[in-house]
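Look over the sequence and the model first, then read on.

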Amino acid sequence: MAKGSLLLKKIGLWLVGVVCVMTIAGYITAKSAQTAIESEIRSFVQSKGIMGRDLGGERVPPEVGSRIDWPFVVTAWYSVPLDLHAAYHQTKYLVLPWGKYVIGKEDIFPV
């Protein structure tokens, strides 16, 4: 019985170690892809000529950014100002060492 519990402890510790390594690898992978994804969103916004307007009616460029939500998940967004409001567009990416994949898009428009 003691050998069985020792084996379970070893397996449990090994699994915890694997989960920790995968989590760290996920955050490192997401961080390394974050600037490329943000640049991709910025070039998309510029290629489409997307511009916002401030309170005075002047044209202003949208704000672009990104954040790491989970291991292997990066959310990139751009916000287009419209007077006091802003339209918010975000895209979630699954980032793996061999590529990135869009896993969701959301557009929020002012009311």
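## Salt bridges

The side chains of Arg67 and Asp69 form a salt bridge, with N and O 3.0 Å apart. A salt bridge here is a side-chain nitrogen of Lys or Arg within 4 Å of a carboxyl oxygen of Asp or Glu. This is a predicted model: local features need pLDDT of at least 70, side-chain atom pairs count only at pLDDT 80 or more, and totals for chains, interfaces and linings use all residues. Residues are numbered from 1 along each chain as its sequence is written, and side-chain values use heavy atoms, with hydrogens and water left out.

- Salt bridges with shared partners join Arg67, Asp69 and Lys92 into one network.
- Arg67 is partly exposed, at 33% relative accessibility.
- Asp69 is partly exposed too, at 22%, and Lys92 is partly exposed at 27%.
- The cut-offs are these: buried means under 20% relative accessible area, exposed means over 50%, and partly exposed lies in between (1.4 Å probe, protein chains only).

**Salt bridges elsewhere**

- The whole structure has four salt bridges.
- One of them links the side chains of Arg42 and Glu38, at 3.6 Å from N to O.
- Both Arg42 and Glu38 sit in helix 1, four residues apart, or about one turn of the helix.
- Arg42 is partly exposed, with a relative accessible area of 34%.

**Overall build**

- The protein chain has one helix and six strands. Helices (H or I, at least four residues) and strands (E, at least two) are DSSP runs, numbered from the N terminus.
- Along the sequence, the pattern is α-β-β-β-β-β-β.
- The radius of gyration is 21 Å, well over the 13 Å that the globule rule gives for 111 residues, so the protein chain is more spread out than a compact globule. That radius is taken over C-alpha atoms, and the rule is 2.2 Å times the number of residues to the power 0.38.
- Along the principal axes, the C-alpha atoms fill a box of roughly 75 × 30 × 15 Å.
- Of the 111 residues, 25% count as buried.
- Among contacts with a separation of 6 or more, 37% join residues 24 or more positions apart. Contact means heavy atoms within 4.5 Å.

**The nonpolar core**

- The largest nonpolar core has 13 residues. Such a core is a set of buried Ala, Val, Leu, Ile, Met, Phe, Trp, Tyr and Cys residues joined through side-chain atoms within 4.5 Å.
- The residues with the most contacts inside this core are Ile37, Ile41, Val74, Ala76, Tyr78, Tyr93 and Val95.
- Helix 1, strand 4 (73-82) and strand 5 each give two or more residues to this core.
- Helix 1 gives the most, with five residues.
- Beyond its neighbours within four places in sequence, Ala76 is in contact with Ile37, Ile41, Gly65, Ser66, His89, Gln90, Thr91 and Tyr93.

**A buried glutamine**

- Gln34 is in helix 1 and counts as buried, at 10% relative accessibility.
- Leaving out residues up to four places away in sequence, Gln34 touches Ser66, Arg67, Ile68 and Val74.

**The surface**

- The protein chain exposes about 7800 Å², and carbon and sulfur atoms supply 67% of it. Areas come from the Shrake-Rupley method with a 1.4 Å probe; for residues, only the protein chains shown count as cover.
- Leu7, Ile11, Trp14, Leu15, Val18 and Met22 make a nonpolar surface patch of about 590 Å². Patches use residues with over 30% relative accessible area and no salt bridge: like charges are joined within 9 Å, nonpolar side chains (Val, Leu, Ile, Met, Phe, Trp, Tyr) within 5 Å.
- Ile11 belongs to helix 1 (residues 2-48) and is partly exposed, at 40%.

**Loops with positive phi**

- Phe72 has a positive phi, near 70°, and is not a glycine.
- Phe72 sits in the loop between strand 3 and strand 4 and is buried, with a relative accessible area of 15%.
- Asp83, also a residue other than glycine, has a positive phi near 60°.
- Asp83 is in the loop between strand 4 and strand 5.
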